[in-house]
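Here is a quick tour of a protein chain for someone meeting it for the first time. Have a look at the structure, then read on.

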Amino acid sequence: MFVLFVEHNPERQRVVGEALQAAGHRVDRAASGSEALIQLAGPGCPDLVLVEDRLPDLEVDEFLKALGRMELSCHVVVYGGEAGAEGWIEATSHGLLDYVRVDEGGRWLQGLVERLERAIARSARANLAHRLAAALDSTAAAVLIVDRAGRVGYANDAGKRLLGRTSQALDAVG
């Protein structure tokens with residue numbers, strides 16, 4: 001995985017960067033939001049942008065809005081020590097993959113790579129499910145997904161017409 005790591009603290013940038021590299025990832029580094037945006041405007045979009053929640057030059061929401069305007073296909077994870085659950089909710093409301101809370105003892109680094117990989121896999125599964133649902137919904141053929149008891153769990157529009165049922169009726173049955 002190609003990771004752009006955005007961190008202003010040189011020591012943390014080194015330690016986390018080395019941990020990601022040791023796990024087999026390619027890591028580019030940026031010391032500020034502006035520097036990261038310049039790198040992201042160039043060729044070679046990373047798979048993941050790992051960015052601290054307290055950038056020295058931009059508020060993280062400004063960074064995220066600028067990133068959104070670039071329409072890149074990379075995942076974004078924000079990390080920091082202040083926000084906790086509220087930070088995660090705020091971060092994911094911006095379409096982020098995750099928010100990682102940093103602790104003083106460095107335990108947050110343990111398992112960071114695995115956590116990022118799990119989050120990317122979850123996102124990929126959700127994206128695949130969304131694309132599959134869109135494909136099923138758009139086909140002209142009737143598609144019914146039926147459980148072992150014979151209950152219809154899903155029907156696309158053509159399937160609903162075939163059954164003569166509305167979405168609400170299928171929801172009540174399934």
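This is a predicted model: local features need pLDDT of at least 70, side-chain atom pairs count only at pLDDT 80 or more; totals for chains, interfaces and linings use all residues.

## The overall layout

The chain holds seven helices and seven strands.

Residues are numbered from 1 along each chain as its sequence is written, and side-chain values use heavy atoms, with hydrogens and water left out.

## Inside and outside

Of the 174 residues in the chain, 35% are buried. Here buried means under 20% relative accessible area, exposed means over 50%, and partly exposed is in between (1.4 Å probe, protein chains only). The chain exposes about 10300 Å², and carbon and sulfur atoms supply 51% of that. Those areas come from the Shrake-Rupley method with a 1.4 Å probe, and for residues only the protein chains shown count as cover.

## A buried charge: Glu 52

Glu 52 sits in strand β3, which covers residues 48-52. Glu 52 is buried but has no salt bridge, and the nearest side chain of opposite charge, Arg 12, is 5.6 Å away. For charges, Lys and Arg count as positive and Asp and Glu as negative, while His and the chain ends are not counted. A salt bridge needs a side-chain nitrogen of Lys or Arg within 4 Å of a carboxyl oxygen of Asp or Glu.

What does lie by the side chain of Glu 52? One of its polar atoms is 2.6 Å from the backbone nitrogen of His 8. Setting aside neighbours within four places in sequence, Glu 52 touches Val 6, Glu 7, His 8, Val 60, Val 78 and Tyr 79.

## Salt bridges

By the salt-bridge rule, the count comes to six. One of them joins Glu 18 and Arg 14, at 3.0 Å from N to O. Both residues belong to helix α1 (residues 10-22), four residues apart, or about one turn of the helix. Glu 18 is partly exposed at 42% relative accessibility, and Arg 14 is partly exposed too, at 37%. Another bridge links Asp 28 with Arg 26, at 3.7 Å from N to O; Asp 28 is partly exposed, with a relative accessible area of 27%.

Lys 160 counts as buried because its relative accessibility is 17%, whereas Asp 157 is partly exposed at 47%. Shared partners also tie Glu 11, Arg 14 and Glu 18 into one salt-bridge network.

## A nonpolar patch on the surface

Which residues form the nonpolar patch? They are Leu 144, Val 146, Leu 162 and Leu 163, with about 340 Å² of accessible area together. Patches are made of residues with over 30% relative accessible area and no salt bridge, joining like charges within 9 Å and nonpolar side chains (Val, Leu, Ile, Met, Phe, Trp, Tyr) within 5 Å.

Strand β6 (144-146) and helix α6 (157-163) each supply at least two residues of the patch. Leu 162, placed in helix α6, counts as exposed because its relative accessible area is 61%.

Methods: A polar contact is a pair of N or O atoms within 3.5 Å; within protein, one must be able to donate a hydrogen and the other to accept it, and residues adjacent in sequence count only if both atoms are side-chain atoms. Contact means heavy atoms within 4.5 Å.
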